Structures are given as structure tokens and as C-alpha cells.
Amino acid sequence: MDTEAGPGALPHVPGTERPVPEVEPGLVKRWHAEGGELVELLAQVRERVGGVAAFRIGPARTVLVTDPTAVQHVLARHPDRYVKRSHRARLLIGDGVMAATGTAWKRQRRLLQSQFTGTGMRRYEHRITAAARTTAERWDGYARTGQALDVGREMYRFALDAIWRSLTGHPLDDETERELTAVEAVATAIPTLPADVTEAQDAVAADLARIDAVARRAIEAARSGTAGPDGPGLVHVLTNASTERPEYTDQLIRDELVTLLAAGHETTASTLTWLYLLLDRNPGARGQALAAGGEGSPERRQAIQALVHETLRLYPSAWILPRRAAEDDTLAGHSVEAGTDILVCPYLTHRDPELWPDPERFDPRRFTAPDGRPAHPGAYFPFGIGPRACLGLQFALRESTVLLEHLLPVHTPTFSSTPSTAEYGITVRPGGPAPAMLAPLPA
């Protein structure tokens, strides 16, 4: 028997591979006629066929992967066989690390990796804390004046402030915030843009020009040696790299800056907004987290992190991860031909009742109780797994935890309405505003 060593291995006997089972065409036709969301089709395919299942939209077969062992095979064990397709956001992020492939990706990843682990992360701790304090002060003001707020916009402002401070050393000012709404506008538009690249660029040209202008000013400031009040930031790391690495042109630095901006605030803002909406439906979870330990204690921090992880289980940062088979392979005993499109779907894996009992229930204890979550690494992967897992995992978890440590003990939003749907674009986000009021602060 030919086997692969290590956990999650997929042993098979050569020559016994079977075709990937395919859902009946009628299901796809009904879905298409009803104008359903892609996630609805994928959920039906998984339910009808299983964790490795094929379907067709048009003549080509696509393979959906939700089984945790198959997930690990595709993303972690054999990323060379299942390569990243051209990123949908390339229009926005250019050749940034999220879209890069091959040798270029390895070089870019290596440079940025050190900034988001260990000592690198410690450089940005005080900037994240400063952004959290700014948000907490703003919420104190809302509570004193009785002013309404939109929780989604507040989370967006915080996450953008945290990443901007980390990139430039400057707190986010009002003008920069207004200009950077263009990042969100382009990201939101991408799923609906024309397939033709020129037409797509024309449709968002004004927003791209605003983004380019902000990036250009930040790069020029870094090249001049000007540091912000918090010291040099990630843009300075990139401009310094250009002195020894000619590939780091101003265009590539711009692409990396915009990649970090887009990835560094959109996903965190969505996660925090979902978390507050979930707490509104499950108010006891807030009290349980605060009761786990005193202010600043490891026990309280762990409980708050569990709130974040359970939110990410239900609404993972990347709800779908497209890949393409670069060569023929055997996946969970099934033959996969080179050129096959693969969709790995954390959203569905995280809601699999065989992995997560009562999967639709919000229960942060899954991440604090012994044996509360599946042990298999392919069962929970909100930021991906393997070499192309999100660089900003630790940054995102840290900023979410720090903000909640500031806000949860003091403020509980009371929502006047909540979004009734989710939007499945590049990320999965609430499908509308989340207006709320804060209780007055005690005198």
C-alpha cells in the first residue's frame, strides 16, 4: 500500500481511485433558475454527495472540498498540486502577496512573515492598543450624549485605524479615512464587475485613483525617512527592502500596502460586527467571558478569544478558497484531473454536524472546554491552513481581543435593527447596517 506519512494522511491502493461523485444536474438547474446564492448550492451539494463532491455550472466540473482530511490534503500537504487561482481581488491588490504565485510569492511572503510573528508582532502591540483606546473613548462619548452609532462602521473605523498605524506610524485621520472608503467600495464591487479586465478597471477607476493617491503619499513619506509619532511602520520595511531588492518597485510596494490595508481591516471589521450581533442574540456569553477572570487576566483573555474563535467558526474570514489542480491527483480515494477547479469551503466545514455538534448554535465553550472542538487541523481553518494561510492571523486575533477587552466590560449595544441576511463576496459580511445605542455611563 502506498501511504502518506503524518496526520491526516490519505492512504490508498494505486489503481483503485474512483471518480469524484457528482450531484445530479437537476439540482444545479433549479438553483440557477431560483437565482440562489452560491453558498446555498454548495450546501446542497455537500448534503447530497458528501465532503468531496463534484458539480457543474456549465460544461466544466468543479470539486467542492469540505471533508477535513481532504481539506488538509489540498491546502497543507500538497499546495504544489492545488495552486491558487488568479485572485478575484487582483484588480485592487495587484501583485501583492495574496495574489502572487511561485517564486515571487515566496520572496514576498518571507519578507512579511517576520512582521506578523514573535518580535514583529510586539512592534505593533502599542499601536493596536492605541486604536482600541480611541474607539473606547468614542464609545464613551456616544454613551454620554445618547448618540446612535452603527456597530459595523465602528468596527471598520477601529480596524482601519489599527492597520494604518501599523503601516505608517500615524493614527488614522479623517481625510485618510474618507479616502480609504474607496478600498471597501472596490472590494464590494469586485464580485459584480465585468469579466473583461479593461471594463472592470473603468468601472472602479475613480476609486482606484483615490487609493493610489493615498498609497503614493505614504510611500513618499517613508522614502523621505519621515516616521509617524509611533515610529516607522510596515511601509518603511517595504521601502527599505527596495534598496537591496530591485523587484520592490513603487508599484509592488503600493500593491503590498493595499493588500495589507484590504486584508488587515475588512476581515477584522466583519468578524467583530458578527460577534456583536451574535452577543445580541446570546447575551449570556458576554457575562460568561467577563466572569472568567479579572481585568487583564489570562483567564478573561482566553474567554474573549473564545468569543472571537466561535464567531470565526460561524463566519470565517475567507469563507471559500478557490484552487486549481496543477496535476492529476488522488483525493480521498477519488481521481482528480489536472485543470479541475477546486472550492475548499471553511464555511461549510465549520457547520458540519459530524464535526461540530449543534453547529448553528453560538457556543464559545467549544474553544475553552476540553474536547470542545475537533482535533483535526482541517476541521477549523478560518484563515486557511498550510503555507498560504493568512499572514495576518495573529494580528487579527490580537486586535480583536484588545478591542473587546476595552469595550465588553463597559458597553453593551442595544440594536434598533439587525441585518437579516449575509453577503457572500470576498468575505462573508452582514447584509446591512447595525444601528445601536449605548446605555448611559454611570455617574
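In the predicted model, strand β10 pairs in the antiparallel sense with strand β13 (residues 435–437) over two bridges, where strands are DSSP runs of E of at least two residues, numbered from the N terminus, and two strands count as paired if DSSP finds at least two bridges between them. Within this pairing, the bridge partner of F415 is A436 in β13. Both strands belong to an open sheet of three strands with the order β5-β13-β10 and antiparallel pairing. Because β5 (149–150) and β10 (414–415) stand at the edges, each with a single partner strand, one side of each is left without a neighbour in the sheet. Residues are numbered from 1 along each chain as its sequence is written. The model being predicted, local features need pLDDT of at least 70 and side-chain atom pairs count only at pLDDT 80 or more, whereas totals for chains, interfaces and linings use all residues; side-chain values use heavy atoms, with hydrogens and water left out.

Strand β6 (residues 321–325) is joined by three bridges to strand β4 (residues 82–84), the two running antiparallel, and V83 stands opposite R324 in β6. Four bridges join β6 to strand β9 (residues 341–344), again in an antiparallel arrangement, with L321 opposite V344 in β9. In a regular strand the side chains alternate between the two faces of the sheet. In β6, L321, R323 and A325 form a covered face, while P322 and R324 form an uncovered one.

How values were computed
Buried < 20%, exposed > 50% of the residue type's maximum accessible area, 1.4 Å probe, protein only.
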